[in-house]
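Subject: Structure for your files

Hello,

Please find the structure below, with the sequence. My notes on ring pairs, a helix contact and a sheet follow it.

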Amino acid sequence: MAAYRTTGGATGARAPLLTPGQRVHDGLVVDRRLGEGAFAEVYRVRHHVLGRQALKLFKHGASLGANFSRLDEARILSTLGHPSIIRVFDAGTVDTADGVRGYFTMEYVAGGSLHQLVRSHGGIVPVPQVTAVLRQVADGLSVAHGRRQPVVHRDLSLANILVGYDESGLRAKVGDFGLARETDPVTRAASAQGTVAYMPPEVLIRGRGYSAAGDVWALGTIVYYLLTNRFPYDADARARAFSPARFEQPLRPPGDFNDDVDTSLEWLVADMLRVDPAERPAMREVAERADLPRRPAELPVERPVERPVERPVERPVERPVERLVERPVERPPEPPPAVAPPADDPVRAAIALSRVPGRLADAADRLEAALSRRPRLRERHLTRLATWRRGVVQ
């Protein structure tokens, strides 16, 4: 599942290490597997107090000490408290079908990744939503970059930025810190990793270490793609992906492909995609420049209150008695039988589930997933989702 893609490519079909209903510990039970990569599987689990969470389980066996060393991602995430960075709840080891494995639990986001957001809009995401993603992600990563020993992500992509909806509207969250590293205190760089399409030229071509400026480049690449449905500098063409020549041509502004992009956003994206890393803005500056006045698409849409229409009082029409006697008695119609919502109507299914005691959180997850797949439903149901997230049933 792209929303919880783990570091590395998939390795083919194999039996899951955990099974539905299995207890990780007394308070944590496995629901189902969400996806897997070369090094880890990801499951949806249920905590007896905190509700749904995502669990990342390392697939390869190792000593107890090695298992704990693989939990660096959880350790880093636990130090980066920010609403736009996935939260970590727990870490440890669990018995699986193949032996003891390390795991950690983290925030579960039902809405999916930026991949789903792009697909739901047919390729180009509306500018207000793009600026919301840019501002929130930059604000979160500025916390990581601003530490005394900066933490760089090194693998920002459409797949590892998740999108959910809360009472404030759209909320982007950075996940998959499997390649994140604390930079060298002298060089302020970490070893070169990441995905080619998002990799900065100083790493891809010159082989330098990955710095905070590399994260700025990757985020600029993501924003460019959201606005245009294409990668900058011809990175879509595999034959040119590793070619230094593609960075010698000028960057085509996103406004060439999307008339809704304003000049200030174009300049910000162009600065983030400067070939020379020294010329790129710091992530804090990116967040500040993206902090434009909030637009209606980012806010929960309040539906207008329907007021009753005042009508003049009509006096009853007097009819002859014989007409009244001849008129058949009209019985009130029988109420229609209760019909379960069709399987292809996830909104009605979520509404039905919300009325079941104790299932409001599950209903909110279902509705959030539906809104991520169908943008036209957001205007009608975003306020409902925000209300459910506050624990109130409409």
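Ring pairs join Tyr198, Tyr225 and Phe231 into a cluster. The model is a predicted one, in which local features need pLDDT of at least 70 and side-chain atom pairs count only at pLDDT 80 or more, while totals for chains, interfaces and linings use all residues. Residues are numbered from 1 along each chain as its sequence is written, and side-chain values use heavy atoms, with hydrogens and water left out.

Aromatic pairs

The structure has five aromatic pairs. Rings of Phe, Tyr and Trp (its six-membered ring) pair if their centres lie within 6.5 Å; planes under 30 degrees apart count as stacked, over 60 as edge-to-face and the rest as tilted. Tyr198 and Phe231 have ring centres 5.4 Å apart and planes at 90 degrees, so this pair is edge-to-face. The two residues are 33 residues apart, with Tyr198 in the loop between strand E10 (181-182) and helix H5 (201-204), and Phe231 in the loop between helix H6 (212-228) and helix H7 (263-272). Helices (H or I, at least four residues) and strands (E, at least two) are DSSP runs, numbered from the N terminus. Tyr198 is buried at a relative accessible area of 8%, and Phe231 is buried at 14%. Here buried means under 20% relative accessible area, exposed over 50%, and partly exposed in between (1.4 Å probe, protein chains only).

Trp217 and Phe247 also form an edge-to-face pair, at 5.8 Å centre to centre and 65 degrees between the planes. Trp217 is in helix H6 and Phe247 in the loop between H6 and H7, so the pair ties together parts 30 residues apart in sequence. Trp217 is buried, with a relative accessible area of 2%; Phe247 is buried too, with 9%.

Helix contact

H7 packs against helix H8 (residues 283-290) at an angle of about 170 degrees, with the axes 11 Å apart. Axes are lines fitted to C-alpha atoms, for helices over the stretch in contact, and angles run from 0 to 180 degrees between N-to-C directions. H7 and H8 are therefore roughly antiparallel (angles under 35 degrees count as roughly parallel, over 145 as roughly antiparallel, 65 to 115 as roughly perpendicular and the rest as oblique). Trp267, Leu268, Asp271 and Met272 of H7 meet Val286, Arg289 and Ala290 of H8, where contact means heavy atoms within 4.5 Å.

Sheet

Six strands make an open sheet in the order E1-E2-E3-E4-E6-E5, with antiparallel pairing; two strands pair if DSSP finds at least two bridges between them. E1 and strand E5 (88-96) are the edge strands, each pairing on one side only. From one strand to the next the twist averages 40 degrees.

Strand E1 (residues 23-25) is joined to strand E2 (residues 28-36) by two bridges, and the two run antiparallel. A hairpin of two residues connects E1 to E2. His25 is opposite Leu28 in E2, and Arg23 is opposite Val29 in E2. E2 also pairs with strand E3 (residues 40-47), antiparallel over seven bridges. Leu28 has His47 as its bridge partner in E3.

Regards
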